[in-house]
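Take a look at the sequence and the 3D structure below. We will walk through it one site at a time.

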Amino acid sequence: MQIFFFSLILCFVLIFSETIQEDKKALLDFDSSSLLHWNKSSSVCDHWTGVTCNGNKDRVVSIRLPGIGFNGLIPPFTISRLSSLKILSLRKNRFIGEFPSDFINLKNLTHLYLQHNRLSGPLPTSLSELKSLKVLDLSNNGFNGSIPSSISGLTSLKVLILANNSFTGEIPDFDLPNLRQIDLSNNKLIGTIPKSLERFQESAFSGNNITERKKQHKTPFGLSQVAFLLILAGACILGVSGLSCMMITCFRKARISAKLRKRDSSSPPSGNWTSRDDNNVEEGGKIIFFGGRNHSFDLDDLLSSSAEILGKSAFGTTYKVAIEDMSTVVVKRLKEVVVGRREFEQQMEIIGMIRHENVTELKAYYYSKDDKLAVYSYYTQGNLFEMLHGNRGMYDRVPLDWDARLRIATGAARGLAKVHEANNGKFIHGNIKSSNIFVDSECYGCIGDLGLTTIMKSLPQTTCITTGYHAPEITDTRRTTQFSDVYSFGVVLLELLTGKSPVSPADSVTSPEKNMDLASWIRSVVVHEWTGEVFDMEILTQSGGFEEEMVEMLQIGLACVAIKQQERPHITQVVKLIEDIRIN
Ligand SMILES: *[C@@H]1O[C@H](CO)[C@@H](O)[C@H](O)[C@H]1NC(C)=O
Ligand SMILES: *[C@@H]1O[C@H](CO)[C@@H](O)[C@H](O)[C@H]1NC(C)=O
Ligand SMILES: *[C@@H]1O[C@H](CO)[C@@H](O)[C@H](O)[C@H]1NC(C)=O
Ligand SMILES: *[C@@H]1O[C@H](CO)[C@@H](O)[C@H](O)[C@H]1NC(C)=O
Ligand SMILES: *[C@@H]1O[C@H](CO)[C@@H](O)[C@H](O)[C@H]1NC(C)=O
């Protein structure tokens, strides 16, 4: 009996190791010239570059080897032996030859990325046997011949990118109900756009000899007018709730000076400013500049300039102040400061010392009994919240493309890493959210509004400003941590990917289930199996096929919003991971 069980177990072990050993052999055959330096004596599931195994560690499920520098033919009958493979990316290499016909053995393949290689010749009609395929990107190769109509058999297909090849003939009338994105641009196709593909933007077919479509009363994104109106109404509701929540007022012209002067009549600040190297501290209040006397304005200039209200929040009002012919700055008038002058100044000194291209510059601050001001540089492009959610559904909305989103995330992550370095590596931002991330002229994100929560009155958890961004363990907004900063940053990444606002997610048209914040919603969707449903349609309708990069970003975002704070990555790791998404 014992012997029987023993041999049974042995048998299982053998079967188990058989498959993973087979997978290992297939991979080693694929990389026979050892370009990847895979460690032959370790398990494939153990830090082999680009290789991911399933949860049981008994099969290889994903291979991502972009930009490695492979050339020649894709070694036949190597990768196609990995029968459990779901994701294969060999993009940006220099592979030549035809589409590997043996790939049709990969029955479980969902994502195939072969773009930016030198593959050529016609596509095999047997391609349709890849029944699980959801994303196919063969763009930027030299494929020719006609697009096989058998692609209609790929019923799960959601994304088809064949741009920048030499395909000829007419576009087949695909019957692909799940198709959400297609790009056939820059080929040698002729004829007309078939009925089944009329719902896609014209740009998906540009650079061919395709007869122009008759101009119809098309709404943006090719929606029916009723659907468009519904979404528009939804966007308005979202807009209104967002407005009342964020209280972004519509650029009401106001004179900051009048208000300030009135309030300060007991201890007028005018004329009492000094530069930072002046030791003469006066009781009424003084403006402190960073960077010595090299500033282009003084408090009087500031107070006499016209100001627009940019926004109001629980922490005070933000003005855009255009100083006559000189420069534009942002002035934040802080209310609810609960610390004394000394502590306020100490905190401002630390913030003012942080100099980095991805951190907004604190130019000056002002402290008096009645008023506390912080003066920052102004970003003409505005903040990420406006860029992501402003004018949604409106005809004049400028969509934020994936490249821009990636750059914003990269910059913001670098900025936050710099912030965490300050004060001997102990500094905390405390209030990361999309409206505190500004966008510079090169479209990189810059972190703003740092270090204020610790000097302000704590906000109740229900305040709409913080809902959705705050880590679950934070019950007092004055007691945030670097861990909770990373959590909030993760929420911003999810916001970038989904286009949904964590501030007002309970919207019936565009948002997830009521009473669920963005992080919880995405966790609940992703837990089953990765699904592209979460991504912002605005990126998906853009040509390019960036889903793979977006999936990588999704994984980073999810790691940041781990419930247990010790499981969240350090911000320096986050920077590295984001920088690695795109290998150029
Ligand atoms: C390869 O893996 C083995 C077993 O895990 C380990 O002992 C060895 O140090 C590794 N070699 C290299 C070069 O990393
Ligand atoms: C392919 O996927 C199905 C469903 O996910 C699974 O049951 C099957 O075992 C997989 N096939 C292989 C060869 O891994
Ligand atoms: C496709 O390209 C190959 C060379 O790459 C050429 O030999 C073949 O004739 C081309 N086929 C068509 C249909 O253009
Ligand atoms: C475009 O296609 C039409 C036939 O559909 C053909 O008559 C015309 O010559 C083609 N134009 C070019 C520039 O290839
Ligand atoms: C095709 O090539 C053009 C020009 O090089 C490029 O702008 C475009 O992004 C490419 N399309 C895709 C889908 O890669």
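Which residues are around ligand 5? Keep in mind that the model is predicted. The residues around this ligand are Asn140, Ala163, Asn164, Asp183 and Asn186. Two of the side chains deserve a look at atom level. Asn164 has a polar side-chain atom 2.3 Å from an oxygen atom of ligand 5. In the side chain of Asn140, an N or O atom is 2.8 Å from an oxygen atom of ligand 5. How much of ligand 5 does the protein cover? On its own, ligand 5 has 360 Å² of accessible area, and the protein covers 45% of that.

Now turn to ligand 2. Its surroundings are Ser83, Ser84 and Asn108. Start with Asn108: an N or O atom of its side chain is 2.4 Å from an oxygen atom of ligand 2. Then find Ser84. Here an N or O atom of the side chain is 2.5 Å from an oxygen atom of ligand 2. Taken alone, ligand 2 exposes 360 Å², and 33% of that is buried by the protein.

Ligand 1 comes next. Around it are Asn39, Ser41 and Ser42. A polar atom in the side chain of Asn39 lies 2.3 Å from an oxygen atom of ligand 1. Ligand 1 has 360 Å² of accessible area on its own, of which the protein covers 26%.

Leave the ligands and move to a pair of helices. Two packed helices are described by the angle between their axes and the distance between the axes. Helix α7 spans residues 402-425, and helix α8 spans residues 482-498. They pack at an angle of about 175°. Their axes are 11 Å apart. Angles over 145 degrees count as roughly antiparallel, so α7 and α8 are roughly antiparallel to each other.

Which residues make this contact? From α7 come Trp402, Arg405, Ala409, Ala412, Ala413, Leu416, His420 and Gly425. They meet Gln482, Asp485, Phe489, Leu493, Leu496 and Leu497 in α8. The residues of this contact divide into 9 nonpolar, 3 polar and 2 charged.

Definitions and conventions:
Residues numbered from 1 in each chain as written. Chains lettered and ligands numbered in written order. Predicted model: local features only at pLDDT ≥ 70, side-chain atom pairs only at ≥ 80, totals over all residues. Heavy atoms only, no water. Near = heavy atom within 4 Å. Polar contact = N/O pair within 3.5 Å; in protein donor to acceptor, adjacent residues only side chain to side chain. Areas by Shrake-Rupley, 256 points an atom, 1.4 Å probe, with all protein chains shown as cover. Axes fitted to C-alpha atoms, helices over the stretch in contact; angles between N-to-C directions. Helix = DSSP H or I, 4+ residues; strand = E, 2+ residues; numbered from the N terminus. Parallel < 35°, antiparallel > 145°, perpendicular 65-115°, else oblique. Contact = heavy atoms within 4.5 Å. Nonpolar A, V, L, I, M, F, W, Y, C, P; charged D, E, K, R; others polar.
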